[in-house]
Amino acid sequence: MEVIIRPDANTATELVARLISDAIRRKPDLVLGLATGRTMERLYARLAQMHIEEKLDFSKLSTFNLDEYVALPTENRNSYRYYMNYHLFDKVNIDKKNTFLPDGCADNLDHECEKYERKIESLGGIDLQLLGIGADGHIGFNEPLSALRSRTRVKALSPATIAQNSPLFDDPAMMPRRAITMGVGTILDAKKIIMLVTGKSKAKILSKAIEGPISSMISASALQLHPKCVVITDEDAAECLQEKEYYRWIFANEPEWKIYQNT
Ligand code: F6R
């Protein structure tokens, strides 16, 4: 795992946008894993801007989102399909037929989860998975005690996640209590992972996840097992990290980061 600290949320987001756009330019038919949430809004706005200003081409891309609420119709503005259309898909030249989210309204949810796994496999797996981290350390909706080898399945949402996301609903009581999520094992199968973490509210959980022991109590700690995972954070979220100086040295000196120095 590598950890890169940028001065603020804008520069951290800009770096992730650059890494994603470079990956798309290198492999136009990239299979990209996507996340939702507040952290990603700024990133998707930047990618949409790159589409307009730099002709970043999404036409051959396939995408798989990490998760979707159970029993929330896609027209509902809190559904993740709605979020993705609104923040990214409607603003770029992606073919929506190639954008996949689990169907949280499917009659048979277990079957839907199995189908999602097969679909990812059929496209050769996820090349690059984007992640955020939840207040309880979740990635996707892998709540505490999610098995480190878990696959796509229905998960009951934790009180911390309900507290984190229910204010986004007009009536917080209407937030679904269950979601379909890729498993920790599904996420770890991605060829490369980028986790973007910004803001003081994430500082404690981030340090536990990346510098603490690997534990199913904090799903993001499983990323320590991944051979190609980079965590991009701002100074606020990095506040509790012990090895900050080492991470700063890496960004300033390692050859792979040279071209991003001015980002
Ligand atoms: C949602 C997802 C979640 C979020 C996490 C952080 O698709 O994958 O794991 O990334 O809950 O959300 P924000 O950015 O709202 O703090």
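This is a predicted model: local features need pLDDT of at least 70, side-chain atom pairs count only at pLDDT 80 or more; totals for chains, interfaces and linings use all residues.
So, K202 first: an N or O atom in the side chain of K202 sits 2.7 Å from an oxygen atom of the ligand.

Residues are numbered from 1 along each chain as its sequence is written, and side-chain values use heavy atoms, with hydrogens and water left out.

Back to the ligand. Which residues come nearest? There are 15 residues around the ligand, and T36, T39, D67, H138 and K202 come nearest; near means that a heavy atom of the residue lies within 4 Å.

Keep D67 in mind, and let's talk strands. Helices (H or I, at least four residues) and strands (E, at least two) are DSSP runs, numbered from the N terminus, and two strands pair if DSSP finds at least two bridges between them. The bridge partner of D67 in β8 is T181. Strands β4 and β8, with β8 covering residues 178–181, pair in the antiparallel sense over 3 bridges. They belong to an open sheet of 3 strands, in the order β4-β8-β7, with antiparallel pairing. β4 (67–69) and β7 (153–156) are the edges, each with a single partner strand, so one side of each has no neighbour in the sheet. On average, neighbouring strands here are turned by 30 degrees against each other, direction ignored. Helix α4, residues 109–122, lies across β7 and β8 and runs at about 25 degrees to β8. Those axes are lines fitted to C-alpha atoms, for helices over the stretch in contact, and angles run from 0 to 180 degrees between N-to-C directions.

Now β3, residues 62–65. S62 and F64 point one way, T63 and N65 the other, and all are buried; buried means under 20% relative accessible area, exposed over 50%, partly exposed in between, using a 1.4 Å probe and protein chains only. On one hand, β3 pairs with β2 (residues 31–34), parallel, over 4 bridges, and F64 is the bridge partner of G33. On the other, β3 pairs with β5 (residues 99–100), also parallel, over 2 bridges, and there T63 has T99 as its bridge partner.

V31 is in β2 and counts as buried, at 5% relative accessibility. What does V31 touch? Leaving out residues up to four places away in sequence, V31 touches S62, F64, L123, G125, I126, D127 and L128, where contact means heavy atoms within 4.5 Å.

Most residues other than glycine have a negative phi. A71, though, has a positive phi near 65 degrees; A71 is in the loop between β4 and α3 (80–87) and is exposed, at 57% relative accessible area. L145 has a positive phi near 80 degrees, in the loop between β6 (128–131) and β7, and is exposed at 59%.

Key: A polar contact is a pair of N or O atoms within 3.5 Å; within protein, one must be able to donate a hydrogen and the other to accept it, and residues adjacent in sequence count only if both atoms are side-chain atoms.
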